[in-house]
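I opened the notebook to record what I looked up in this structure. The entries follow the order in which I checked things.

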Amino acid sequence: MAAFIVFEGGDGSGKSTQARMLAESLTGRGLDVVLTFEPGATPRGAQIRALLLGDESAIDARTELLMMLADRAQHVAEVVRPALARDAIVISDRFEPSSLAYQGVGRGLGVEVVSELSAFARGGVDPDVVLLLDVSDEVAAARRPVAEDRIEKAGAEFHSRVRASYRDLALRFGWTIINGEGSPEAVAARVGTCVGAAIGPAS
């Protein structure tokens, strides 16, 4: 059964942990699962990620977006589409919703513009379900490690704006909002319920 599941949320939401836990759970049931992420899941994507996040010099918001989309196009071509073609379950830590929240709203480029450009980059590949892990600013700040990359260092106001935008965008685009607070196991139980409701029992 092919399925494309995307985990989203601001820094400190727990999305990476939950993506990994779901992948482990489904793999344990004997399913073919591909766990991936953006940006940087491909060799060329890793080079883009290094330029995007590892360089302290300023990058224009449009440049940032176009680099993210170049990574997405390669990610879809090299990882996502081939896995779906063989009926695997693809679980991605970030996809198009991140661009809408971070560049569309956070950087002020506009959701419509980012959506149109990202649609070209993903080439018709759409997630079956987007799971948005929502936590308060306080919880996110407590969980977030010391900022290391350029976007993590964007400041508390930027990240608060991104988290708020995710909630608004979820209502607009039909993403599933999951309470990301509590123990990883408690959140994983909520994730499992939502995945089952969205794509059917994973059996």
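**Entries on the sheet and its surroundings**

I began with a pairing: strand 2 (residues 33-37) and strand 3 run parallel and are joined by five bridges. The model is a predicted one, and I kept that in mind throughout.

I then looked for individual partners across this pairing. L35 stands opposite I91 in strand 3. T36 has S92 of strand 3 as its bridge partner.

Next I checked the pairing of strand 3 with strand 1 (residues 3-8). Five bridges join these two strands, again in the parallel sense. Here I5 is the residue that stands opposite I91. I noted that strands of a sheet pair through backbone hydrogen bonds, either parallel or antiparallel.

In what order do the five strands lie? I found an open sheet with the order 2-3-1-4-5 and parallel pairing. Strand 2 and strand 5 (176-179) are the edge strands, each pairing on one side only. From one strand to the next, the twist averages 20°.

I went back to strand 3 and asked about its surface. Are the residues of strand 3 buried or exposed? Five of the five residues in strand 3 (residues 89-93) are buried, so the strand is largely enclosed by the rest of the structure.

Helix 7 (residues 156-173) lies across strand 1, strand 4 (129-134) and strand 5. Helix 7 runs at about 145° to strand 4.

My next entry is E38, which sits in the loop between strand 2 and helix 2 (43-53). E38 has a relative accessible area of 6%, so it counts as buried, the cut-off being under 20%. The side chains of E38 and R72 are joined by a polar contact of 2.8 Å. Leaving out residues up to four places away in sequence, E38 touches R49, D71, R72, H75, D93, R94 and F95.

I finished with M21, which is in helix 1 (residues 15-28). Which residues does M21 touch, not counting those up to four places away in sequence? I found P184, E185 and A188. M21 and V191 are 170 residues apart along the chain, and their C-alpha atoms are separated by 9.7 Å.

Key
Residues numbered from 1 in each chain as written. Predicted model: local features only at pLDDT ≥ 70, side-chain atom pairs only at ≥ 80, totals over all residues. Heavy atoms only, no water. Buried < 20%, exposed > 50% of the residue type's maximum accessible area, 1.4 Å probe, protein only. Helix = DSSP H or I, 4+ residues; strand = E, 2+ residues; numbered from the N terminus. Pairing = 2+ DSSP bridges. Contact = heavy atoms within 4.5 Å. Axes fitted to C-alpha atoms, helices over the stretch in contact; angles between N-to-C directions. Polar contact = N/O pair within 3.5 Å; in protein donor to acceptor, adjacent residues only side chain to side chain.
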